[in-house]
Amino acid sequence: MSDHWLTRPRTVRRLWQAFIAILALTVLAELAIEAHPHFAVERLFGFNALYGFLACAVLILLAKGIGLVVKRPETYYDDDAR
């Protein structure tokens, strides 16, 4: 098994910690920025992060649904012309 730096448990744990810290900092940055919301729901703290997360989750679900419709069987490229 290769000892690539991205497969080490310590590196994976540190990457997760870094991603969570960056996410927390971007949400907390909302306290320092003056927002100009157009709708009432935009006044909620962390709305942009929540909206982005939900939009990403919906896109993943849509992609999985499209994959179910357009996928080919595993034997699609087998040579049956013999």
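Two residues are said to be in contact when heavy atoms of each lie within 4.5 Å. The structure described here is a predicted model, in which local features need a pLDDT of at least 70 and side-chain atom pairs count only at pLDDT 80 or more, whereas totals for chains, interfaces and linings use all residues. Residues are numbered from 1 along each chain as its sequence is written, and side-chain values use heavy atoms, with hydrogens and water left out.

The secondary structure of the protein consists of two helices and zero strands; helices (H or I, at least four residues) and strands (E, at least two) are DSSP runs, numbered from the N terminus. The radius of gyration is 22 Å, well over the 12 Å that the globule rule gives for 82 residues, so the protein is more spread out than a compact globule. This radius is taken over C-alpha atoms, and the globule rule is 2.2 Å times the number of residues to the power 0.38. Along the principal axes, the C-alpha atoms fill a box of roughly 70 × 40 × 10 Å. The accessible surface comes to about 8,100 Å², and 68% of this surface belongs to carbon and sulfur atoms; accessible areas come from the Shrake-Rupley method with a 1.4 Å probe, and for residues only the protein chains shown count as cover. Of the 82 residues, 5% count as buried, where buried means under 20% relative accessible area, exposed over 50%, and partly exposed in between (1.4 Å probe, protein chains only).

Helix α1 spans residues 9-28 and contains threonine 11. With a relative accessible area of 16%, threonine 11 is buried. Apart from neighbours within four places in sequence, threonine 11 is in contact with Trp5 and Leu6. The side chain of threonine 11 also reaches the backbone oxygen of tryptophan 5 at 3.0 Å. Tryptophan 16 lies in helix α1 as well, but tryptophan 16 is exposed, at a relative accessible area of 57%. Tryptophan 16 forms a nonpolar surface patch of about 550 Å² together with Val12, Phe19, Ile20 and Ile22. Patches are made of residues with over 30% relative accessible area and no salt bridge; like charges are joined within 9 Å, and nonpolar side chains (Val, Leu, Ile, Met, Phe, Trp, Tyr) within 5 Å.

One salt bridge (a side-chain nitrogen of Lys or Arg within 4 Å of a carboxyl oxygen of Asp or Glu) is found in a search of the whole structure. It joins the side chains of aspartate 3 and arginine 8, with an N to O distance of 3.5 Å. Aspartate 3 is exposed, with a relative accessible area of 57%, while arginine 8 is partly exposed, at 35%.

The loop between α1 and α2 (47-70) includes proline 37, which is partly exposed at 27% relative accessibility. When residues up to four places away in sequence are not counted, proline 37 touches Glu42 and Arg43. Valine 41 is also placed in the loop between α1 and α2 and counts as partly exposed, at 43% relative accessibility. Valine 41 and phenylalanine 53, twelve residues apart in sequence, are 16 Å apart in space from C-alpha to C-alpha.

Glutamate 74 is located in the segment after α2 and is exposed, with a relative accessible area of 82%. A distance of 32 Å separates the C-alpha atoms of glutamate 74 and leucine 54, which are 20 residues apart along the chain.

Methods. Polar contact = N/O pair within 3.5 Å; in protein donor to acceptor, adjacent residues only side chain to side chain.
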